[in-house]
Amino acid sequence: MIELKSFIRTDQFNFIKRQVQNLVNGHATAIDNGVMSALKSMALERVLVLFPIIEEEQVQLLQPISLIDNKEEAEAFLSQLKPYVMPFKVSEQGIKKLFPKAKKLKVPSLAEIDLREIAYLCWTDTTSNKRYIVINRDSKLIGIEGSFTPSNQKGVCSICNSHKEVGMFLTKVKGKEQGTFKTRGNYICHDSQSCNKNLTSLDKLNNFVDLLK
C-alpha cells in the first residue's frame, strides 16, 4: 500500500472544519433527513473543489465527511485528517535571513508551535516593538516587518476576514523616486493565532502581502 503524503494546507483544513461544524449544527437543530442529506452532499462537494488535482486515495480520505451525524464522528474524522495537513515550512535560520537588518531579532520558538495550525507566522519583538510576518508562497519565504498599533476595538481583519480585535499594521515601502518611502498597511487581527484558525483561504493573506511589497 502506498503511503499517502500530506496534501492539505492549513487554510483548507480550517475550511473543512467549518463544513464539519455546519453538519454538526444541522443535526443539532433537527433538520429533516432530506435537507440533511443535501447538506452532506454539499459539504463533500465543497471540500473536493478545494483540490483541483486529487488522487483516489485522497478522495477516500475525505469522503467520510458525508457520513458525519454527531460531534464524536466529526472529531474522529478531523483527527484522521490532521496528519495529512502540511506543516508550515520554516526554520529559525530561514527567518533571520528574511530580516538581515534586525541583528538581534528574537525568533519565536518553532518547537512550541504546531506548524500544521498556521498558514503564516506572526510575532511581535518586544525589544524593538516591531511586528514580523512570514508567509510561504510557492515554496519561498516572504518576510515583512512593521509597526502594530492596537485599535482597542473590533473590526474586520484584512487577512482572515473575521470580525475580531484588530490593530493597524504599517510598513514602509520604497517610493518611485530614489530615496523616498511610502507607508502602507491595513487592519489585522491582534491575535495571530486566532487569525490563523479563522483563515479558510489564502487569497486575502496573499493580497495583504502584495499590498505591502
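User: Which helices and strands each supply at least two residues of the lining of the second largest pocket?

Analyst: This is a predicted model. In it, α1 (10-28), β2 and α7 (203-212) each supply at least two lining residues of that pocket.

User: What lies nearest the centre of the second largest pocket?

Analyst: R9, M86, N136, R137 and L202 do, out of 19 lining residues. The space in this pocket is about 500 Å³. Its lining divides into nine nonpolar, five polar and five charged residues.

User: How much space lies in the largest pocket?

Analyst: About 650 Å³. Of its 21 lining residues, K101, E145, T171, K172 and F181 are the closest to the centre. The strands β2 (130-137), β3 (140-156) and β4 (163-174) each give at least two residues to the lining. By type, the lining has 10 nonpolar, five polar and six charged residues.

User: Now helices. Which residues of α4 are buried?

Analyst: First the general idea. An α-helix has 3.6 residues a turn, so residues three or four places apart point the same way. Now the case here. Helix α4 (residues 71-81) buries A74, F77, L78 and L81. Seen down the axis of α4, these residues fall within an arc of 95°, so they line one face of the helix.

User: What do the buried residues of α4 pack against?

Analyst: They pack against α1 and α3 (56-62). On the other side of α4, E72 and S79 are exposed.

User: What does a side-chain oxygen of N70 reach at the start of α4?

Analyst: The backbone nitrogen of E72, to within 3.2 Å. E72 is also one of the exposed residues of α4.

Definitions and conventions
Residues numbered from 1 in each chain as written. Predicted model: local features only at pLDDT ≥ 70, side-chain atom pairs only at ≥ 80, totals over all residues. Heavy atoms only, no water. 1 Å grid on protein atoms, 1.4 Å probe; cavity = no way out; pocket = protein on both sides within 12 Å on 5 of 7 lines; lining within 4 Å. Points joined across faces, edges and corners; volume = space filled by probe spheres on them. Helix = DSSP H or I, 4+ residues; strand = E, 2+ residues; numbered from the N terminus. Nonpolar A, V, L, I, M, F, W, Y, C, P; charged D, E, K, R; others polar. Buried < 20%, exposed > 50% of the residue type's maximum accessible area, 1.4 Å probe, protein only. Arc of directions from axis to C-beta. Contact = heavy atoms within 4.5 Å. Polar contact = N/O pair within 3.5 Å; in protein donor to acceptor, adjacent residues only side chain to side chain.
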